[in-house]
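The briefing below is grouped by topic.

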Amino acid sequence: MVIGLLGLTGIDVVYACAGLGALCAAVLPTALAKRPLSLPMVFLAAGFLVFLLPLDALPSLDPVRHRSLVEHLTEVCVVVALMGAGLAINRPPGRRTWSTTWRLLGLAMPLTILLTAAAAGWLVGWPPAVALMVAAALAPTDPVLAAEVRVGEPTDDEDDEDEVRFALTSEAGLNDGLAFPFVLAAIALTTASATGWSTDGLWHWVWSDILVRSVVGLAVGFGVGRLLGWMFFQAAWKALRLSEHREGFVALAATFTAYGLTELLHGYGFLAVFVAACTIRNAERAHGYHRVMHAFTDQVERLLTAVILFLVGGFIADGGLAALTWRGAVLGLVLFLLIRPAVGWAVQMRGNATGKERMAIAVFGIRGIGSFFYLAYALGEADFAAPARELWAVVTFTVLLSVLLHGVAATPVTARLDRSARDG
């Protein structure tokens, strides 16, 4: 009604919101740099407030009715973020240099999934398959919403990354792919509840979903990274030596090539993209072209994040949390205030991080866009014994908690850690 009185069309509102959103995505990172606010907080709030207005032409996104669209939109956002994260890491991979990462991946993530699934079964009363699926969806830390605690742009110095930013970036880069076996296990569990249990199913999960798909992701990511690294920096033919052309959008070519080939071979594409990015970075560590590609992926990521979080805010304004029970809300709080901090702290004992760094790494297990992807993917693969709107409400509430709590705390905590490092 308001739009009709003003003589506007629905597409006019969309264009206006898109233009203002893109402008804010460019301005806000610098404007909010030293404040206890974050870009995700602003776009969530903007979406919430705008969708409360009587503007019927706004494009709402219901994840239950538009499940496939949500899956693919979040998928693109995550893979772009993974490429940017891999290009930004200055520290070469190694058993000792990445020891904190290996602890977070090999110990913290499985323990977090098991404890969260147990809490979901006890608190909410979900069947094992549903509890495991939600726990697996909430397990991976997010490379998209963690800008304040992520490493910055690529530099020439391999040792300039503090342990907190490095650990959180590398963990988020790898666990987005390594959470997939647990999501597939939940899908297999809910399927088996109807068809019956078998040891063949367990063997298939261990052999195919854990080993083969992970190896395919690692192999394709490494192979694509080596090939593109050679082409970018060492090819004899100048037309192929793209580092001399300074075209940032080539990062998207690397992203989707690694992801698409891996998915065609039934591997874990998220894992492949991050490995490819790290391999490209290692091909010529000090070259300025890494900054060009990273800057481009960062810009695309910010735009996608703005769109998704604006729509998430709209989903909340339209009653997206109406299906949330107090038990589901407590589950999100238990994950943030108890499970992740306790597990994250415990697995780092005798590690490289200091006490303050261990606590920061344990607390800043940011959940975000990846959780939306995994939930949408799982709901498209199987029918789970729980209402879809309740599952979306729990995951959305947990991501909202992460955006608010981590968004407020990230800037002052990282500033304090930086001061401690300078004083020490």
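The model is predicted, so local features need pLDDT of at least 70 and side-chain atom pairs count only at pLDDT 80 or more, whereas totals for chains, interfaces and linings use all residues. Residues are numbered from 1 along each chain as its sequence is written, and side-chain values use heavy atoms, with hydrogens and water left out. Helices are DSSP runs of H or I with at least four residues, numbered from the N terminus.

**Helix 4 with helix 10**

- Helix 4 (residues 67-88) packs against helix 10 at about 115°, and the axes are 10 Å apart; axes are lines fitted to C-alpha atoms over the stretch in contact, and angles run from 0 to 180 degrees between N-to-C directions.
- This crossing is right-handed, meaning that the near helix is turned clockwise from the far one by less than a right angle.
- On the helix 4 side the contact (heavy atoms within 4.5 Å) uses E75, V76, V79, V80 and M83, which meet A251, L252, A254, T255, F256 and Y259 of helix 10.
- By class, the residues of this contact are nine nonpolar, one polar and one charged; Ala, Val, Leu, Ile, Met, Phe, Trp, Tyr, Cys and Pro count as nonpolar, Asp, Glu, Lys and Arg as charged, and the others, Gly among them, as polar.

- The axes of helix 10 (residues 250-264) and helix 11 (residues 269-283) come within 8 Å and cross at roughly 140°, which makes helix 10 oblique to helix 11.
- Helix 10 contributes A254, T255, A258, Y259, T262 and E263 to that contact, and helix 11 contributes G269, F270, A272, V273, A276 and I280.
- Eight nonpolar, three polar and one charged residue make up the contact of helix 10 with helix 11, and the crossing is right-handed.
- Between helix 4 and helix 11 the axes come within 7 Å and cross at roughly 25°, so helix 4 is roughly parallel to helix 11.
- Helix 4 also passes helix 11 in a right-handed crossing.
- In this contact E75, V78, V79, L82, M83, A85, G86, L87 and A88 of helix 4 meet F270, V273, F274, A277, C278, I280 and R281 of helix 11.
- The contact of helix 4 with helix 11 has 13 nonpolar, one polar and two charged residues.

**Largest cavity**

- Searching the whole structure gives four cavities of 30 Å³ or more; on a 1 Å grid over the protein atoms alone, a cavity is a set of points where a 1.4 Å probe fits but cannot get out, and lining residues have an atom within 4 Å of a point.
- The largest cavity has a volume of about 160 Å³, where volume is the space filled by probe spheres set on the points, and grid points are joined across faces, edges and corners.
- Its lining consists of L61, P63, V70, L73, T74, I308, L311, V312, F315, F372, W392 and T396.
- Helix 4, helix 12 and helix 16 (388-423) each supply at least two lining residues, and helix 12 gives the largest share, four residues.
- That lining has ten nonpolar, two polar and no charged residues.

**Second largest pocket**

- The second largest pocket has a volume of about 470 Å³; a pocket is an open set with protein on both sides within 12 Å along at least five of seven lines.
- V14, C17, A18, G21 and F310 are the closest to its centre of the 21 lining residues.
- Helix 2 (10-31), helix 3 (39-52) and helix 12 (289-317) are the elements that give two or more residues to this lining, with the largest share, eight residues, coming from helix 2.
- The lining of the second largest pocket divides into 20 nonpolar, one polar and no charged residues.

Note on methods. Angles under 35 degrees count as roughly parallel, over 145 as roughly antiparallel, 65 to 115 as roughly perpendicular and the rest as oblique.
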